[in-house]
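Please read the following report alongside the sequence and the structure.

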Amino acid sequence: MSRTLTHLQRLEAESIHIFREVVAECERPVMLYSIGKDSSVMLHLALKAFAPAKPPFPLLQIASGWDFREMLEFRDATAQRFGLELLVHSNEAGTRAGIRPWTHGATYADIMLTQALLEALDRYRFDAAFGGGRRDEEKSRAKERIFSFRSAQHRWDPKNQRPELWQLYNARKNPGESIRVFPLSNWTELDVWQYIHQQQVPIVPLYLSAPRPVVRRGERLIMVDDERLPLEPGEVPEIRNVRFRTLGCYPLTGATESSAVTIPEVIGEMLLATTSERQGRAVDHDGAGSMERKKQEGYF
Amino acid sequence: MDVDAYLAAHQNKGLLRFITCGSVDDGKSSLIGRLLFETQMIFADQLAALEIDSRRVGTRGGEIDFALLVDGLAAEREQGITIDVAYRFFTTPARKFIVADTPGHEQYTRNMVTGASSADLAVILVDARKGVLTQTRRHSYLVSLLGIRRVVLAVNKMDLVGYSQETLTAIERDYRKFAAQVGIREVTCIPVSAVAGDNVVVASERMPWYRGPSLLRFLETVPLDDAATDRALRMPVQWVSRPTPDFRGFSGLIASGVVRVGDRVRVLPSGRRGTVAGVLSAGAATQEAVAGEAVTLTLAEEIDVSRGDVIVAADAPAGVGHQFEATLIWMHEEPLIPGRAYLLKLAARTISATVTPIKYRIDINTMEHIPVKQLELNDIGVCTVEVGSAIAFEPYRESRVLGGFILIDRLSNHTVGAGLLHAAMRRSQDVHWQALDVNKVARAALSHQKPCILWFTGLSGAGKSTIANLVERQLHADGRQTYLLDGDNVRHGLNKDLGFTDADRVENIRRVAEVARLMLDAGLIVLVSFISPFRAERRMARGLVQAGEFIEVFVDVLLAEAERRDAKGLYRKARRGELKNFTGIDSPYEPPEQPEVRLDTQQLTPEESAQAVIGYLRSQGIIAG
């Protein structure tokens, strides 16, 4: 008797295997929960991996203070529905210093996201953190291991990565070291959407089109999610049918005009799309090799 | 577009993982770049960045350089080489593909091995102008070593040889001859031009003489390797799940076979038997699951199962062994040192391991066997690997999961080597450990004693047998259950086929140590009285049992004194040359470094020595005060 698994079944099994290895070999794992679609898929896989038990680790969300309101509602509802421990961490010093997305550019992401993440990892002494990164997102990610080691200073050394053979992961760490683990490494954006559709994975409604107040800034449509977004002289928010391909801090996340209100419609638009998903994120656009540099500094 | 039809078509496609091998000059990155481009996995913004990069650092005089899509690390883009393994993804209506793109130079052998370890197929590139080179042979050997059975020989740069059929035929003939030698049975030869796009995605009009499929067409239709389902059940246990007192599940990825509710299984290495009571596949209850699925099994019986054990079909269990012949690929700057303790990870089991002397290194360019003392970075060698206790395994050619392992340095925690198990030594692979319910503890409890082995070692004539005999008499008188294994007596029966060469002495001790272990397991206090001259064998005997169960008693005497006593007249015979290999005369005695008990028989009478041993047993609580 032969039965060949589909590509989604194989990806699912590989991810579940990764979750279980980490839990078996690490002392204090945590899941970085960014509330995006990749996090939703990751959580769905974690729930499957440990059923009928709950995943034996908490969720950690780095709140910049500028997340979409709908994301935070979705986050709290999700943690409650599955009875999971949710840790929310912010860089309080950064908040007090009045770091704003539009005033500090690249420094903003470093302080409010990267530094906040490193603070949280240190405070709770997590030795392994699951992240939703995929190798198809960016060239330097294509070379990153599934178990990616960070020094005590949280730095990534791309030239000194451990060989990763078969499905054998060496999770042994030196004191102070931690591991970033990417269970979705071999998934593509299309795989993620297909899986969401097939498994009916709940996602934040922002991924689907709806009439939303936006302003146009250069080539980007920025949603006016609350009154804190400073409007430039003469700028008036207008209601347009938009959705988001990727979610981050709302003042930095560009919306796309769209009429896709179902997952298949989103997939349909994606198949016709001519830009890669990260283009919506201002944070990644500082020249080639910028992601590699950010990763070396500790960014997920 | 009809999204529903698209989704339906894409729901059920398969996944093919392949590796590309070849050097920069062969156009490997260009080929992958071309595949990504033509299957439309490159977005407009990426293409814009590529155009800029191509003008800045491209090697195609400002034309789009597809190789730049693939060489991801900044250092690689600058130097124009591929250092690490990069994984690429593309999809067609027929299949999803994961490509491991690995560097071709010899100093990156470890990277290529890493990429090949998870691939189902290899695309080996050769430059049509150069034909089969040393590096082509090296790549083919590594691909075959890692168990890849299907190879595509992509003869690239056909545009530079005028799309000549003769060139292709000559290269193909050359290659097939070599491929057969390294055990690659399935070779498909495709003439391509990555730069011009011939036969990469669509059939080339410039080579009408070629009637086979384009590379992509071939990759879409080559049969997927699903033979794993047809073999017997193997599931390494990754995680034991006990969320509530009445649920105990064993989670893992099924390496081969099928598991159904009601199946009889065994747990290795213990050999305990059980029945599958429930199967959860990816969290959902099901009646049956197959190779590749991540499952959680429950068993009807309450048996001991922990992480690292392997659940197997009861009627077709895997082998169990602790000493193996293996091929090792060394991956670290620090060389492999035989005798050093490493950690070995195989499936979900991590265990202490040592490598005994390396048989030979394989020159991966010439396939020659070269005797060596250690393995350096990127070396491949054949050696014996011994692990701390028995593990379930299968030969690598049958199972990558139960035959592939990594070695981890205990200090740095780095992955320093990868290995492929071929066979267990000592024929332990066909003998399965029979789990028994009445064990050592139970037997010993019945006789109110703590079993142990008293191992008397010393020169001939030191008084070992005399003292051991006195100790046994005393124990027997106290109602203890004992047995004395005496060197001379055992040589009359069990070991009568053995002489006195070093090899025979080692085997002599191995057998006695195993017999002593069985008797220990039977709950007895075992006295062993053997010269046992070599430390290594005494250490081996100690290693067979648990800490505290092996008591080494050094019956110490000066050689001159033993020779003076010479109760059996053996020293005189040896001195006259009538006895060869006599310990102390022409064969060495290695005294114990840290015996539990040392008896100085020049100071103590045999009775006093026996009392010293009894005193030690009392002090350790082996016999009551």
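What share of the contacts in chain B with a separation of 6 or more is made by residues 24 or more positions apart? Such residues account for 71% of these contacts, a contact being a pair of residues whose C-beta atoms, placed from the backbone, lie within 7 Å. The model is a predicted one, in which local features need pLDDT of at least 70 and side-chain atom pairs count only at pLDDT 80 or more, while totals for chains, interfaces and linings use all residues. Residues are numbered from 1 along each chain as its sequence is written, and chains are lettered from A and ligands numbered from 1 in the order in which they are written.

Chain B holds 18 helices and 28 strands, taken as DSSP runs numbered from the N terminus (helices H or I, at least four residues; strands E, at least two). Of its 625 residues, 47% count as buried, that is, with 20 or more other C-beta atoms within 10 Å of their own, whereas exposed residues have 12 or fewer and partly exposed ones lie in between, with C-beta atoms placed from the backbone.

Six strands of chain B form an open sheet of mixed pairing in the order S2-S3-S1-S4-S5-S6, where two strands pair if DSSP finds at least two bridges between them. Strand S2 (86-91) and strand S6 (186-191) of chain B are the edge strands, each pairing on one side only. S2(B) runs antiparallel to strand S3 (residues 95-101) of chain B, to which six bridges join it, and Arg88(B) stands opposite Val99(B) in S3(B).

For helix H18 (residues 606-619) of chain B, the 14 residues should span 20 Å at 1.5 Å a residue, which agrees with the 20 Å between its end C-alpha atoms; the expected span is 1.5 Å times one less than the number of residues. The buried residues of H18(B) are Ser609(B), Ala610(B), Val613(B) and Leu617(B). Because they cover an arc of only 100° around the axis, they are on the same side of H18(B), the arc being that of the directions from the helix axis to the C-beta atoms. On the other side of H18(B), Glu607(B), Gly615(B), Arg618(B) and Ser619(B) are exposed.

In chain A, strand S7 (residues 210-217) has the antiparallel pairings tabulated here.

| S9(A), residues 238-243 | five | Pro213(A) and Ile239(A) |

In the hairpin of S7(A) and S8(A), with two residues between the strands, Gly218(A) takes a positive phi near 60°.

How values were computed: Contact = placed C-beta atoms within 7 Å.
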